[in-house]
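The exercises below are meant to be worked through with the structure open beside the text. Try each task before reading its solution.

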Amino acid sequence: MSDTYLSLVAICVFFLIFLKLIVRPHPVKIPIKSRHVFITGGSKGIGLELARQAAAEGARVTILARNLKILEEAKNYIRVSTGIDVNIVSADVCDFEAVKEAVESAGPIDVLICNHGIFASQEVDNHDIKDIKGIIDVNLIGTFNLVKAALPAMKNRSDRKPVSIVFMSSQAGQVGIYGYTAYSASKFGLRGLAEALQQEVIAHDIHVSLIFPPDTDTPGLAEELKRRIPITSIIAASSGAMQVDEVAKKALNGIKCGSFFVCCNFEGLMLRIATAGVSPQRSYLMAFVEVICAGVIRVVALCYLRSWYNSIEKWHANKKNV
Ligand SMILES: NC(=O)c1ccc[n+]([C@@H]2O[C@H](COP(=O)([O-])OP(=O)(O)OC[C@H]3O[C@@H](n4cnc5c(N)ncnc54)[C@H](OP(=O)(O)O)[C@@H]3O)[C@@H](O)[C@H]2O)c1
């Protein structure tokens, strides 16, 4: 082994030790077996699959959505597939009093998963302001309602095990996507909420996770695809699409490991490194990857941006010619 090679290894080892000493918050494990996992938007799509997998792992699960009939169907589906009964509650996340009542009736929560969400692709000048407010209200204010309703009991829990608050963002919450002005704004907002909240609740052993799925095969996406602007699909396709069970599995594993950022595929990992910023990082190994890869990933990101802007130019040129 040459001296240069040995020096390089020594530098890496010292750097890893340094990162192990400085990363914050400290690593944590969030057990879910026999614990109360409360999932909003749990009647369909990603939320339903999260509920099924959490129930199969022995968690006591409550799902919340508005439509009681679909909640009943979801409960039935989970019973048939796992043999376990979940608790259902109907409420609109935009209604704080209803959310408070639902949370109180469900009992103390160990893992709060704010998964509910609506999406619509529309350029801002064609997007009705009422619909823009609707997206912000459900995706962002609805999440504040949940946190405000659940936090007091989570802080005052008698069981002192670590607990978790989880926000379902999107890759459109890591990078702005054409047509997702309102949706991206609501999901970027969740990041600000998550980063600040993590600092506020760390003293209570409460740990925040932020999940970033790509396009995922759900009833919500199927509806959205009927109306989605073609250029939105072209850009979103850069990160591929995933099945709902894969996304739920990655999300649940990330929550149990207490990861702050939870990405679901390789492109998500690249985005996570590219957008690490000043976000909390528990893993010194991941911090090492972030530092080493930052420059290269920025170059990759610039290549993606070039391709997206080229597609946008072509798309507008074609529209003019039609
Ligand atoms: N699917 C994707 O491609 C994708 C990609 C990235 C991120 N995400 C995010 O993942 C989450 C779940 O998406 P999904 O595709 O699984 O959605 P989905 O299939 O449309 O299901 C949405 C769930 O949220 C509930 N919900 C909607 N508005 C609500 C409200 N005001 N109050 C209470 N519950 C409400 C729905 O039930 P009710 O209508 O009965 O209330 C349903 O249970 C969302 O936050 C979404 O932004 C999805």
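**Exercise 1.** At what angle do helix H2 and helix H9 pack, and how far apart are their axes?

*Solution.* Keep in mind from the start that this is a predicted model. Begin by finding helix H2 at residues 45-56 and helix H9 at residues 244-256, which pack at an angle of about 60° with their axes 9 Å apart. An angle counts as roughly perpendicular from 65 to 115 degrees and as roughly parallel under 35, and H2 and H9 are therefore oblique to each other. As a next step, look at the sense of the crossing of H2 and H9, which is right-handed. The contact is made on the H2 side by Gly45, Ile46, Glu49, Leu50, Gln53 and Ala54, and on the H9 side by Val244, Asp245, Val247, Ala248, Lys249, Ala251 and Leu252. Sorted by class, the contact of H2 with H9 comprises eight nonpolar, two polar and three charged residues.

**Exercise 2.** Describe how helix H10 and helix H11 are placed against each other, and list the residues through which they meet.

*Solution.* Helix H10 covers residues 266-274 and helix H11 covers residues 284-321, and the two pack at an angle of about 90° with their axes 8 Å apart. Since angles of 65 to 115 degrees count as roughly perpendicular, H10 and H11 are therefore roughly perpendicular to each other. From H10 the residues in contact are Leu269, Met270, Arg272, Ile273 and Ala274, and they meet Met286, Val289, Glu290, Cys293 and Ile297 of H11. By class, the contact of H10 with H11 has eight nonpolar and two charged residues, and no polar ones.

**Exercise 3.** Which of the 31 residues around the ligand come nearest?

*Solution.* Among the 31 residues around the ligand, the nearest are Ser43, Arg66, Tyr183, Thr216 and Thr218.

**Exercise 4.** Locate Pro25 and Ser34, and describe the backbone at each.

*Solution.* Pro25 is found in the loop between helix H1 (3-22) and strand E1 (36-40), where a cis peptide bond with omega of about -5° joins Arg24 and Pro25. Ser34 also has its place in the loop between H1 and E1, and its phi is near 65°, a positive value in a residue other than glycine.

Conventions. Residues numbered from 1 in each chain as written. Predicted model: local features only at pLDDT ≥ 70, side-chain atom pairs only at ≥ 80, totals over all residues. Heavy atoms only, no water. Axes fitted to C-alpha atoms, helices over the stretch in contact; angles between N-to-C directions. Helix = DSSP H or I, 4+ residues; strand = E, 2+ residues; numbered from the N terminus. Parallel < 35°, antiparallel > 145°, perpendicular 65-115°, else oblique. Left-handed = near helix turned anticlockwise from the far one by under 90°. Contact = heavy atoms within 4.5 Å. Nonpolar A, V, L, I, M, F, W, Y, C, P; charged D, E, K, R; others polar. Near = heavy atom within 4 Å.
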